[in-house]
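Please look at the sequence and the 3D structure below. The paragraphs after it go through the parts in turn.

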Amino acid sequence: MSAITDRARDFWDRISARERNLVVLLAIATPLVLAFLLGSAIHDGLDSMEHRNDRTRKALLAVETMHAKGETKPTTDDALAAMTTDPLSLPTYITNAAQQAKFDFKSSISPPRSQSKAGFVTSSASLSVDRLDIEQLKDFLGALETNSKVVAITKLDIDRDFRDKEKLRAEIEVSTYSREAKSGSDSGSAGSGTKGSN
């Protein structure tokens, strides 16, 4: 350590007064420039993050609004009137909604699970989508919620796509509602009611 100190002292003694001023100025300016560059990089990163967060917040708000509107659909008179004993084909319904939102749906859809209660049957299927922009996801969810009175989104988780922070991914559960078939009921009347389910 003393050798370094001696060398620095010798260097300082050898240089002129003008060079000493330049060394002092450089010693002061260097950390200031580094701090400015670091601050600019952090500021740009925060701006970019805030921009992404703002877009995600807008998408979530639009989704929440659509979901809140759709939650009451199965209990409305129109929905009850549209229900038959034949549930909609959820895989076909979901694929058509993806086509309406203008993206290729390549994910698998879980086999529909059915549950009967109080004379009604709820059939639910799960799926995931990824690498969608905000507009595509909004259009897809809107189509799922509005294309039929007897279909609703019953579970929804949205996150940024880990491969592309500008895109979104979503885990979705879609449910459709139908009337429970009564034993001994006329299959012909049930079939005629099915035509009006869409």
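**Helices, sheet and core**

Helix H5 lies across E2, E3 and E4, and runs at about 165 degrees to E3. The names come from DSSP runs, numbered from the N terminus: a helix (H or I) has at least four residues and a strand (E) at least two. Angles run from 0 to 180 degrees between N-to-C directions, and the axes are lines fitted to C-alpha atoms, for helices over the stretch in contact. Helix H4 also lies across E2, E3 and E4, at about 35 degrees to E2.

This is a predicted model, in which local features need pLDDT of at least 70 and side-chain atom pairs count only at pLDDT 80 or more, while totals for chains, interfaces and linings use all residues. Residues are numbered from 1 along each chain as its sequence is written, and side-chain values use heavy atoms, with hydrogens and water left out.

Next comes the sheet. Four strands form an open sheet in the order E1-E2-E4-E3, with antiparallel pairing. E1 and E3 stand at the edges with a single partner strand each, so one side of each has no neighbour in the sheet. Neighbouring strands are turned against each other by 20 degrees on average, direction ignored. Two strands count as paired if DSSP finds at least two bridges between them; E1 and E2 pair in the antiparallel sense over five bridges. Ser116 stands opposite Val121 in E2.

Which residues touch the most other members of the largest nonpolar core? They are Val129, Phe140, Leu144 and Ile172, in a core of 30 residues. The elements that give two or more residues to this core are H4, E2, helix H5 (134-146), strand E3 (151-161) and E4. H5 gives the largest share, six residues. A nonpolar core is a set of buried Ala, Val, Leu, Ile, Met, Phe, Trp, Tyr and Cys residues joined through side-chain atoms within 4.5 Å. Buried means under 20% relative accessible area, exposed over 50%, and partly exposed in between (1.4 Å probe, protein chains only). In soluble globular proteins, nonpolar side chains tend to be buried together.

A contact means heavy atoms within 4.5 Å. Leaving aside neighbours within four places in sequence, Val129 is in contact with residues including Phe103, Leu137, Phe140, Leu168 and Ile172. On the same terms, Gln136 is in contact with Ala101, Lys102, Phe103 and Arg131. Gln136 is found in helix H5 and counts as buried because its relative accessibility is 19%.

Lys102 is found in the loop between helix H4 (90-100) and strand E1 (113-117). Lys102 is exposed, at 72% relative accessibility, and its phi is near 65 degrees, a positive value in a residue other than glycine. Arg131 lies in strand E2 (residues 120-132) and has a phi near 55 degrees, again positive in a residue other than glycine. Its relative accessible area is 41%, so Arg131 is partly exposed.

Glu180 lies in the loop between strand E4 (164-179) and helix H6 (187-194). Not counting residues up to four places away in sequence, Glu180 touches Thr85, Ser116, Gly119, Phe120 and Val121. Glu180 counts as partly exposed because its relative accessibility is 36%.

Charged side chains are the next topic. Side chains of opposite charge can pair when their charged atoms come close. A salt bridge is a side-chain nitrogen of Lys or Arg within 4 Å of a carboxyl oxygen of Asp or Glu, and a search of the whole structure finds four. In one of them, the side chains of Arg113 and Glu173 meet at 2.8 Å, N to O. This pair links distant parts of the chain, with Arg113 in strand E1 and Glu173 in strand E4, 60 residues apart. Arg113 is partly exposed at 40% relative accessibility, whereas Glu173 is buried at 18%. Arg169 and Glu171 also form a salt bridge, at 3.0 Å, N to O. Salt bridges that share partners join Glu135, Lys138 and Asp139 into one network.

How confident is the predictor? The pLDDT is its confidence in each residue, from 0 to 100. The mean for the chain is 78, and 78% of the residues reach 70 or more. Among the elements, H4 has the highest mean pLDDT (93) and H6 the lowest (40). Over residues 185-198 the pLDDT is below 50.

Notes:
pLDDT is the predictor's confidence in each residue, from 0 to 100.
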